[in-house]
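Please keep the sequence and the picture in view while I speak.

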Amino acid sequence: MSITEITEKAKDSKEINREEVLELLSVKDESDVSDLFSAASDVRDRVFGKKVFIYGFVYFSTHCRNNCAFCYYRRTNELPRYRKKADEVLMLSGSLRDAGINLVDLTMGEDPVMRANDYSELLDIIRRVKNEIDISVMASPGAVPEASFKKFTDAGTDWFACYQETYNRELFSRLRLEQDFDERLNQKIWAKKAGLLTEDGIMVGLGETLADRADSIIKMGSLGCQQIRAMTFVPQKGTPMERIRPTEPIDELISIAVMRLLYPDKLIPASLDVEGIAGLKTRLDAGANVITSIVPPNEDLAGVAQHELDIENGRRSVAHVMHMLDEMGKKAATKTEYESLLKKLKEENR
Ligand code: SAM
Ligand code: MD0
Ligand code: SF4
């Protein structure tokens, strides 16, 4: 079947099978690629119009007990690390809210201090951000024991993010060293059961095959996560994967477009953490509808895959992102619009 035939099927809300997903992921020809992106944009616009959701990123602790092969913040990488105090996180969240951000993503390494006493410090931060700042919250704390999820819900957490990176078990074991595949998979299931919205994600360019990518995209959809992502792997200094040749971002863009065609009403991020602000438009043009990894300057905050790129020059600030959206004829969702979307998603999540 031709690419256009498959994208037409998707536009008519007909099911796309695994073979067809693989065909879409294999596009090479320039006109096929542009057909794919424009179909994905059409499908997104039909559901969300010109509206884009914007997420602030607060990587408040870069301490981590894990040793993921791909990650700059892995335990054995000797680095200056930081852990922000609750008051600082509150202040940052407040200024992100004032600038028009829809959600703060409270992200940490698997920091033993934050994990202590069943996450008491993290839960306290979440509770205060919800009550005192009044903004939607995503928690990205790594893998959490099943029994703790209820506490995240009670603290007011809206979203729980935990990315599988790949659904190829063998590849997973080479990436997330000393971590259990099923336990990480269960994060999504346990979080959903506790009433949380969930985000899953894959990395592109880790040595996975196109078939792996297809299977991962299909698996993420079947788990019922409301937000799913693909991010290009960025090699990190001091890690075992430092010298892997980086993949061109086109493979991430194709994955975004395929996810959009398969799941028209899911939230799909355009992360500024891969190419900085330069990568925003291409990701939105491929069908993304959320901007993530917006980081305010002058706060000594880091990104993950690009820990410095475009942060201190202000290009990852809310103001700059808003300006870019304006130029692209897009509209940042209001607080009311975002909250009513979450309300609907939570009702469907029951
Ligand atoms: N520590 C928590 C965890 O691992 O789930 C949350 C934060 S972790 C830094 C968030 C995500 O960043 C990872 O799941 C991975 O997908 C992404 N990431 C980390 N290092 C990356 C890299 N070098 N290139 C691209 N993405 C990366
Ligand atoms: C991002 N750097 O959105 C962030 C991070 C964690 N929930 C998100 C990977 O790109
Ligand atoms: Fe730690 Fe997360 Fe980095 Fe893995 S990806 S080393 S869990 S911060």
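This is a predicted model: local features need pLDDT of at least 70, side-chain atom pairs count only at pLDDT 80 or more; totals for chains, interfaces and linings use all residues.

In the lining of the second largest cavity, the largest share comes from α9, which gives three residues, and α9 spans 210–222; helices here are DSSP runs of H or I with at least four residues, strands are runs of E with at least two, and both are numbered from the N terminus. By cavity I mean a set of points, on a 1 Å grid over the protein atoms alone, where a 1.4 Å probe fits but cannot get out, whereas a pocket is an open set with protein on both sides within 12 Å along at least five of seven lines, and lining residues have an atom within 4 Å of a point. Residues are numbered from 1 along each chain as its sequence is written, chains are lettered from A and ligands numbered from 1 in the order in which they are written, and side-chain values use heavy atoms, with hydrogens and water left out.

The second largest cavity has a volume of about 40 Å³, a volume being the space filled by probe spheres set on grid points that are joined across faces, edges and corners. Among the residues that line it are Glu165, Ile202, Asp212 and Arg213.

How many cavities of 30 Å³ or more does a search of the whole structure find? There are two, and the largest cavity has a volume of about 750 Å³. It is lined by 42 residues, with Thr107, Tyr163, Glu165, Arg176 and Val304 closest to its centre. The largest share of this lining, four residues, comes from β1. The lining of the largest cavity divides into 21 nonpolar, 13 polar and eight charged residues, where Ala, Val, Leu, Ile, Met, Phe, Trp, Tyr, Cys and Pro count as nonpolar, Asp, Glu, Lys and Arg as charged, and the others, Gly among them, as polar.

Turning to ligand 1, 20 residues surround it, and Met108, Glu165, Arg176, Arg184 and Val234 are the closest, a residue being near if one of its heavy atoms lies within 4 Å. An oxygen atom of ligand 1 is 2.6 Å from an N or O atom in the side chain of Glu165, which falls under polar contacts, here pairs of N or O atoms within 3.5 Å. A nitrogen atom of ligand 1 lies 3.0 Å from a backbone N or O atom of Met108. Taken alone, ligand 1 exposes 550 Å², of which the protein buries 93%, with areas from the Shrake-Rupley method and a 1.4 Å probe.

A polar side-chain atom of Ser271 lies 2.5 Å from an oxygen atom of ligand 2, and a nitrogen atom of ligand 2 is 3.0 Å from an N or O atom in the side chain of Ser293. Taken alone, ligand 2 exposes 300 Å², and the protein buries 94% of that.

Key. A polar contact is a pair of N or O atoms within 3.5 Å; within protein, one must be able to donate a hydrogen and the other to accept it, and residues adjacent in sequence count only if both atoms are side-chain atoms.
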